[in-house]
Amino acid sequence: AAPAPEPRGGPRRSDRRRRKTRAALLAAGRTLLAGRDIDGISVDEIVTAADVAKGSFYNHFSDKEMFAREIGAAVRRQVEQAVAAANAGVADPAAVLARGLCVFLRFAIEHRDSAQVLWRLNPGSTMAEAPVNRALREDLARGMASGRFRGIDGELGVLLVMGAVVVGMRHV
């Protein structure tokens, strides 16, 4: 069945309030996760920081792990979109990697909390096969296939780039 059409004036007030509550919870979670792991944060802290009722948390999320995964996915999408925009129309794999690294580090400078959340919620991110490194592996594979990158394999390439990210993040 198709969803009911929105009223003439746009979304209903209850829908707007629901979106506003969810956004407040996610923003509070992002701030809290910048400083601590999800296991060190209580639902009470989240709802207090969001200034919403405790039941609101469970109206939107089944548990803290789902909540943290959603925040992590949103931050990852934000970074991936910024990298994709910076690399639109760029064909050279070396330029793609260099630009991606620069965009990521600028993101870390401009969005410290989000960068810390991304790092905290992806503990295996320095492993070559980590899901968060899919695009990086693809860029490296294109570079190796084109001959632009020589003398390294995919795992070493990921480790080299992630090393640069780690050093850059420490200085940010």
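A pocket is an open set of points on a 1 Å grid over the protein atoms alone, with protein on both sides within 12 Å along at least five of seven lines; its lining residues have an atom within 4 Å of a point.

The model is predicted: local features need pLDDT of at least 70, side-chain atom pairs count only at pLDDT 80 or more, and totals for chains, interfaces and linings use all residues. Residues are numbered from 1 along each chain as its sequence is written, and side-chain values use heavy atoms, with hydrogens and water left out.

**View 1. The second largest pocket and its lining.** Its volume is about 270 Å³, where volume means the space filled by probe spheres set on grid points joined across faces, edges and corners. The lining consists of Ala34, Ala108, Arg112, Ala115, Gln116, Trp119, Arg120, Val166, Met169, Arg170 and Val172. Helix α6 gives the most, with 5 residues. Both α6 and α8 supply at least two lining residues each. Helices here are DSSP runs (H or I, at least four residues), numbered from the N terminus. By class, the lining holds 7 nonpolar, 1 polar and 3 charged residues. Ala, Val, Leu, Ile, Met, Phe, Trp, Tyr, Cys and Pro count as nonpolar, Asp, Glu, Lys and Arg as charged, and the others, Gly among them, as polar.

**View 2. The largest pocket.** This pocket has a volume of about 620 Å³. It is lined by 26 residues. Nearest its centre lie Val79, Val83, Phe104, Val132 and Leu136. Five helices each supply at least two lining residues: α4, α5 (93-110), α6 (112-121), α7 (134-146) and α8 (154-171). The lining divides into 17 nonpolar, 5 polar and 4 charged residues.

**View 3. A salt bridge between Asp37 and Arg120.** A salt bridge puts a side-chain nitrogen of Lys or Arg within 4 Å of a carboxyl oxygen of Asp or Glu. The whole structure holds 10 of them. In this one, the N to O distance is 3.4 Å. The pair links distant parts of the chain, 83 residues apart: Asp37 sits in the loop between α1 (13-33) and α2, and Arg120 in helix α6. Asp37 is partly exposed, at 44% relative accessible area. Arg120 is partly exposed too, at 27%. (Buried means under 20% relative accessible area, exposed over 50%, and partly exposed in between, with a 1.4 Å probe and protein chains only.) Arg120 also belongs to the lining of the second largest pocket.

**View 4. Lys54 and Asp44.** These two form a salt bridge, with the closest N and O atoms 3.1 Å apart. It links distant parts of the chain: Lys54 is in helix α3 and Asp44 in helix α2, 10 residues apart. Lys54 is partly exposed, at 41% relative accessibility. Asp44 is partly exposed, at 40%.

**View 5. Arg148 and Asp92.** Here the closest N and O atoms of the salt bridge are 2.7 Å apart. The partners come from two loops, 56 residues apart: Arg148 from the one between α7 and α8, Asp92 from the one between α4 and α5. Arg148 is partly exposed, with a relative accessible area of 46%. Asp92 is partly exposed as well, at 26%.

View 6. Rings of Phe, Tyr and Trp (its six-membered ring) pair if their centres lie within 6.5 Å; planes under 30 degrees apart count as stacked, over 60 as edge-to-face and the rest as tilted. The count is 4 aromatic pairs. Phe57 and Phe61 make a tilted pair, 5.5 Å centre to centre, with 45° between the planes. Phe57 and Phe67 have ring centres 5.1 Å apart and planes at 65°, so this pair is edge-to-face. It joins distant parts of the chain, 10 residues apart: Phe57 in helix α3 (residues 54-60) and Phe67 in helix α4 (residues 64-86). Phe57 is buried, at 0% relative accessible area. Phe61 is buried, at 1%. Phe67 is buried, at 0%. Ring pairs link Phe57, Tyr58, Phe61 and Phe67 into a cluster.

**View 7. Confidence along the chain.** pLDDT is the predictor's confidence in each residue, from 0 to 100. The chain averages 88, and 93% of the residues score at least 70. Where pLDDT is low, the predicted coordinates should not be read in detail.

How values were computed
1 Å grid on protein atoms, 1.4 Å probe; cavity = no way out; pocket = protein on both sides within 12 Å on 5 of 7 lines; lining within 4 Å.
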